[in-house]
Amino acid sequence: TLSSDVLFEFDKATLRETGRQKLDEIVAATKDARVEEVVAIGYADPIGSEQYNEKLSAARAAAVREYLVQRGVTPERIKSEGRGETREFSAGSCAKLTGKKLIDCFEPNRRVDVELLGSREVAAGSPAAGAGATGTR
């Protein structure tokens, strides 16, 4: 999951530099993995109409998808979708706020969750292969 503070500003679907860096880290960390599918699900805060937020969340997910494609992830393996303002964070604590304070409070909602589905083989004898094993050494 990529948090909103590194992905999108209010009312925008353009990746921030910190968001691009996070995605680069994900791509680098999966170089030795067999990634079968990447799912990018975009979200928006509840400010604005439901219809607008659906489009904005889809545009955010598409921006992540496009960036991953530019970094070498096979386009056919990436699914992206927008879910508008569903799965909202901090709604109760933002209820009495207005203006910039309200926008700042809802920042965690302006995000794209990225799931990687696949596997990674661990070579025999590597530290990860022996993790959790018991016996004498």
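This is a predicted model: local features need pLDDT of at least 70, side-chain atom pairs count only at pLDDT 80 or more; totals for chains, interfaces and linings use all residues.
Residues are numbered from 1 along each chain as its sequence is written, and side-chain values use heavy atoms, leaving out hydrogens and water.

**Helix H2**

- H2 covers residues 50–70, and at 1.5 Å a residue its 21 residues should span 30 Å, which agrees with the 30 Å between its end C-alpha atoms.
- Buried here means under 20% relative accessible area and exposed means over 50%, with partly exposed in between (1.4 Å probe, protein chains only).
- The buried residues of H2 are Asn53, Leu56, Ser57, Arg60, Ala61, Ala63, Val64, Tyr67 and Leu68.
- They sit on the same side of H2, because they cover an arc of only 145° around the axis.
- Gln51, Lys55 and Gln70 are exposed on the other side of H2.
- Packed against the buried residues of H2 are helix H1 (17–29) and the strands S1 (34–42), S2 (78–82) and S3 (112–119).

**Largest pocket**

- The largest pocket holds about 250 Å³ of space.
- It has 15 lining residues (an atom within 4 Å of a point), and Val27, Thr30, Val35, Gly72 and Val73 are the closest to its centre.
- S1 gives the largest share of the lining, three residues.
- By class, the lining has eight nonpolar, three polar and four charged residues.

Definitions and conventions: Helices (H or I, at least four residues) and strands (E, at least two) are DSSP runs, numbered from the N terminus. The expected span of a helix is 1.5 Å times one less than its number of residues. The arc is that of the directions from the helix axis to the C-beta atoms. Contact means heavy atoms within 4.5 Å. On a 1 Å grid over the protein atoms alone, a cavity is a set of points where a 1.4 Å probe fits but cannot get out, and a pocket is an open set with protein on both sides within 12 Å along at least five of seven lines; lining residues have an atom within 4 Å of a point. Grid points are joined across faces, edges and corners, and a volume is the space filled by probe spheres set on the points. Ala, Val, Leu, Ile, Met, Phe, Trp, Tyr, Cys and Pro count as nonpolar, Asp, Glu, Lys and Arg as charged, and the others, Gly among them, as polar.
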